[in-house]
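Open the structure in your viewer and keep the selection panel at hand. The tour goes from a whole chain to single residues.

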Amino acid sequence: MENKVRVGFFVTCLVDSMRPHIGFAAIRLLEAAGCEIVVPAQQTCCGQPGYNSGERKSTVSMALKFLSEFEEFDYVVLPSGSCAGMIRVHYPELFRGDPELQQRFTSLAKRTYELTDFLVNVAKLENVPGNFKGTLTYHDSCSGLRELDVYNQPRALLAKLPGVKIYEMVESTTCCGFGGTFSVKYGELSTRMAENKCQHIAAAGVDAIVGGDLGCLLNIEGRLRRTGDHSTQVLHIAEVLSGLDKDK
Amino acid sequence: MQNKAIDFKRQVNIKLADTKLQDALSRLQTRFVEGRSAVISEIHHLEDTRTAAAAIRDCVLNDLDSWLQKFEQQAIAHGAIVHWAETATDANRIVTEIAAQHNVLTAVKSKSMVSEECGLNDALEHAGIKVMETDLGEYILQLAHEAPSHIVAPVVHKNKEEISDLFAEKHQMSRKTGIAELCLEAREILRPAFLNADMGISGANFLIAETGSVLIVTNEGNGRLVTTLPRVHVAITGIEKVVPTLEDVTTLLRLLPRSATGQSITNYVSVLTGNKDAKAHDGPEHFHIILLDNGRSSLIGGEMQEMLRCIRCGACMNHCPVYQNIGGHAYGWVYPGPMGSILTPLLSGLKSSPDLPNASTFCGACAAVCPVKIPLPDLLRNLRTRQMALGLKSRQEVLMLKVWGWLTLHPRIYALATKIGVRILAMMGGERHLLHTLPGATGWTDGRDFPAPSGKTFREMYRKKSTK
């Protein structure tokens, strides 16, 4: 891009606490795409857990906090389709009764992107720095896929890596059973859905299962490891694309 | 029908362990998901057609009382008798009274989920009327004393062998194994029932306001026999089924069979207008139409009104990964899957269906295929919000959400809490970085390991890096 765009980076609460290197990997990719990255220091959570549990009040406060921290940027980018969907689709709905605020949230929503969607459709990243070598299959996380139309973007980016071979598994777009608190509240059901996913991954016979949402990846990894599969790598798309695949 | 949704969690575990059921459910994918996918693309402007279909339904729902009156006027003008039933009990009473009025001893039924909602068969049997289901799936379930587990394919939970055993036992005939043989056997038993029945009972897929017609969409042909052979025909359906014109219904008919069974068109589409009179040679002498409310009108004008767009195709359940793994009975009432998880709490009580709005990952597969674009996950979320407002959520959940909400709004304390939390969990993860049990989250760790965090938060690492 000719003028450096200012990107506000929201790491998401899950990446922040569970897999910080995914955050650094995403930043490396955004910088490779020529963006100036700002990470607001007081960021926490987008509010989706409360929102999806029916707790509107604190969600509204979190949305307002998010707005105050990210409104100033040209774009907001997140390494998660689920959290990006929350901001793009659901934040504006929360403020239906307040036209002025809703307008601001709608404007924010239009500038908010899931990482691969941003890299492909806005930043038009040409050279992907990663050096992953091996076979992989891609799990399409639900919110990214159905709320943001993220399907081709990660595949297009992965195709730029000469050492990567993608084998599509069957039902790649079927839910892995994570669903936030669903995974604990309805453990057996969630586990069965994860098991179905793991069987499709096994049938694809790949070195790595890759996805764009850490929640799904932890769910899949948890089931793979419990059933004795310690070899299939479970990777976030940012790790594969950036070449940053370890916590440092 | 009694709502047993309170037992959902226990039923889920039973259904997950039921190998016969799991085998039967595995056919959903090929039969319905791939079936729909193969024909839905025949509609060249699918998104526009779905939008148009939703608009037709909304147009009626926004002005439901006047469309119902238009329908009633036209139906009466063509010789039908229209009854209004506020509750399931009212509907049962009306059917029983019609039966008494016409000296009905036996009735044949084509498929009707509204009659399941009312528990009509039991009410009629109680009044001494012999009722026979004639849709093959419903007939099988009547023999087995079971409820439908799917709104379009009621017997989808059973495999062929179970049906062979059931027929051999109930019909007292040699055990058949071929599908054609089994169908023939049922047909031979059903045919005299059609010919001898005093009353036919059907549902309605749509009510056409401009003509006063009842439209039914079927595949087996039993619907035509039920609605035309007996002296009396009673059609029972929900008040939301009205569409303005025949033209409108053609739009919905392009979507319904494709979404439901992966058929471009069903074998039969019957438009039933009025009774047999001097001009008509066939049809029932008496045509009664019962319009059931049973809580539907309370949704008009509210945040759940979009649910009434539903045209009962079943695509949401066919594509639902929860339904695909547990089948329909676990939901505990008449309507299963995503649409049922909304309708059951709305029509049968939110308090008695605490799990249904929550047993969804919000994956959105249902809304993506809904022919009338019902935002099913949004409606489920509305119900969760209601549960929260009405104090129907567990104390533990409310407390956790409060703590989380407070923490996220206090970034410094949040930072400290996560910093400590990830260090403890990382230590607990040991060499393999996996937790085999996690207090408070055994729902997760009973079937999965919990991958341990790496030990530091992104925010602390980033701050260190940028202050270097």
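Among contacts in chain B between residues at least 6 apart in sequence, what percentage join residues at least 24 apart? The share is 75%. Keep in mind that this is a predicted model.

Select chain B. The chain has 468 residues, and 57% of them are buried. Colour by secondary structure to find 22 helices and 12 strands. Along the principal axes, the C-alpha atoms of chain B fill a box of roughly 95 × 55 × 45 Å.

Now show the surface of chain B. Next, colour the charged side chains: chain B has 51 positive and 48 negative ones. The centres of these two sets lie 11 Å apart.

Zoom in on Lys419(B), placed in helix α20 of chain B. Lys419(B) counts as partly exposed because its relative accessible area is 34%, which falls between the limits of 20% and 50%.

Move to chain A and select helix α9 (residues 152-158), where Gln153(A) lies. Is Gln153(A) buried or exposed? Gln153(A) counts as buried, because its relative accessibility is 7% and the cut-off for buried is under 20%. To see what is around Gln153(A), show Thr116(A), Asp117(A), Val120(A) and Asn121(A): these are its contacts, leaving aside neighbours within four places in sequence.

Terms used: Residues numbered from 1 in each chain as written. Chains lettered and ligands numbered in written order. Predicted model: local features only at pLDDT ≥ 70, side-chain atom pairs only at ≥ 80, totals over all residues. Heavy atoms only, no water. Helix = DSSP H or I, 4+ residues; strand = E, 2+ residues; numbered from the N terminus. Buried < 20%, exposed > 50% of the residue type's maximum accessible area, 1.4 Å probe, protein only. Contact = heavy atoms within 4.5 Å. Lys, Arg positive; Asp, Glu negative; His and termini not counted. Charge placed at Lys NZ, Arg CZ, Asp CG, Glu CD.
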